[in-house]
Every structure is written in C-alpha cells, then in structure tokens.
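Dear colleague,

Please find the structure below for your review. My notes on what was found in it follow.

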Amino acid sequence: MSVPVPVVVHASDPISHSGMASALGFRPEVRVVDEETVNGTIVHVAVAVADEVDDEAVRLLRRLQRTGRTRVVLVVTRIDDGGLLA
C-alpha cells in the first residue's frame, strides 16, 4: 500500500474549506493536513477553492507557488476568459 499524499486546503470561506477537506478525506491516497500542521509536514499538493478567478484568488495562487509546494490545484465555481488568462 502506498503512503498517502499530504494535501492542504485553502478556501475563502469555512464552508468551502470544510466541504473540500471532507471530500478529499474519504480518499485513502490523500491525507488532508491543516495549515497549522504544515510546518512539520512536507505538503505535496495545495488545493485552492474560490468562487472565481479574481485578484484574491490570483494572489493566493502566487503565494502558494512561492512556498515551494510541488503542485497547486485551483477549484473554481465560475471562470471566464479573463480568469483563464490570469
């Protein structure tokens, strides 16, 4: 059996955060870690949840990329051409 991949979830609201963490928590290959726990854990994936690709979402993505995490996944409710370009 393989070792679960540590994943941290970022969301702009607690309901989205809880929903995504709960959905990922059922996967045996994933171990959801809290932001506070990340300090001692090497996180391989960061999942960012947003309603749309706005300035706040872009800032979050850039901040997550700067931390050196190997993968960043963005989950959005709505996306338009401008959001794709951002």
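In helix 1, Met20, Ala21 and Leu24 are buried, where buried means under 20% relative accessible area, exposed over 50% and partly exposed in between (1.4 Å probe, protein chains only). Helices (H or I, at least four residues) and strands (E, at least two) are DSSP runs, numbered from the N terminus. Seen down the axis of helix 1, the buried residues fall within an arc of 100°, so they line one face of the helix; the arc is that of the directions from the helix axis to the C-beta atoms. They pack against strand 1, strand 2 (30–33), strand 3 and strand 4 (71–76), contact meaning heavy atoms within 4.5 Å. The face turned away from the buried side of helix 1 carries the exposed residues Pro14 and Ile15.

As to provenance, this is a predicted model, in which local features need pLDDT of at least 70, side-chain atom pairs count only at pLDDT 80 or more, and totals for chains, interfaces and linings use all residues. Residues are numbered from 1 along each chain as its sequence is written, and side-chain values use heavy atoms, with hydrogens and water left out.

Glutamate 52 is partly exposed, with a relative accessible area of 36%. Leaving aside residues up to four places away in sequence, glutamate 52 touches Ala57, Val76 and Arg78. Glutamate 52 and arginine 78 are 26 residues apart in sequence, yet 5.1 Å apart in space, C-alpha to C-alpha.

Yours sincerely
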